[in-house]
Amino acid sequence: MEIAVAIPAPAVASPERRPERCERCGSRGFNLHQRATKALKDPLMPRVPILRFICKRCRKTTRLYPEGIDGGHQTVALRQASVVLYWLGLSYDGVREYLGRFGCSLSKATVWANVRSTGLLSNRHRLRAEPASLIIQEGPNGPVARLRVRGGPYSMALVPNASHALTITVSTQQPELARLLQCRLLEVARRLGLQPEPIRAGEAARA
Ligand SMILES: [Zn+2]
């Protein structure tokens, strides 16, 4: 059985936006100063265009980032993905290692801060996979993390898909564990405002 949650990717379109007002002098008049790109940690979007504006009055420059991206290097989507992976059993090290396979390695401290920002730190509902059980394998759709909890083995995969979203799928053959994983996935999805996807393939075989 497979359960999944979709994480929307950052929206990039920002052509006509302008900074609200100059941080230094408060003026609202800006000229476009420079187009640049910013390197990102995101499996779908390694670089994003940014615009730099210059204040007409005091010449201070201001950067404007697309929605879903802030001054940091990780996108909101990657931050959410790291929290879901941690919540469903990966350790901080495991999250770092797994996301590293997508060229998006976050430090342990960053993953910890991501979890803390959601208020889920030390939550007793978090699944804890046996740390030594983690094996990362190359699957048809990219890297798959194979893990084990007391209820049995399961796997998780982060899949960047064509609709510019990230999907995290969780699979197991154990019906009891599937119910637990589903429950936990719904919990974290609700907390992060994400959309769980309908349960897929293998559901009928369970009965
Ligand atoms: Zn100014």
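Reply: From the N terminus on, the elements of the protein chain follow the order β-β-β-β-α-α-α-β-β-β-β-α-β, with four helices and nine strands in total. Helices (H or I, at least four residues) and strands (E, at least two) are DSSP runs, numbered from the N terminus. Residues are numbered from 1 along each chain as its sequence is written. This is a predicted model, in which local features need pLDDT of at least 70, side-chain atom pairs count only at pLDDT 80 or more, and totals for chains, interfaces and linings use all residues.

Buried in H4 are Leu177, Ala178, Leu181, Leu185, Val188 and Ala189. These residues lie on the same side of H4 because they cover an arc of only 100° around the axis, the arc being that of the directions from the helix axis to the C-beta atoms. A residue counts as buried if 20 or more other C-beta atoms lie within 10 Å of its own, as exposed if 12 or fewer do, and as partly exposed in between, with C-beta atoms placed from the backbone. On the face of H4 turned away from the buried side are the exposed residues Glu176, Cys183 and Arg190. Glycine 193, with a positive phi near 70°, follows H4.

In the chain as a whole, buried residues make up 30% of the 207 residues. S1 runs antiparallel to strand S8 (residues 165-171), to which seven bridges join it; two strands pair if DSSP finds at least two bridges between them. Within this pairing, valine 5 stands opposite isoleucine 168 in S8.

As to confidence, the protein chain averages a pLDDT of 86, and 90% of the residues score at least 70; pLDDT is the predictor's confidence in each residue, from 0 to 100. Over residues 203-207 the pLDDT is below 50, and this stretch has three contacts in the model beyond near neighbours in sequence. Two residues are in contact if their C-beta atoms, placed from the backbone, lie within 7 Å. Where pLDDT is low, the predicted coordinates should not be read in detail.
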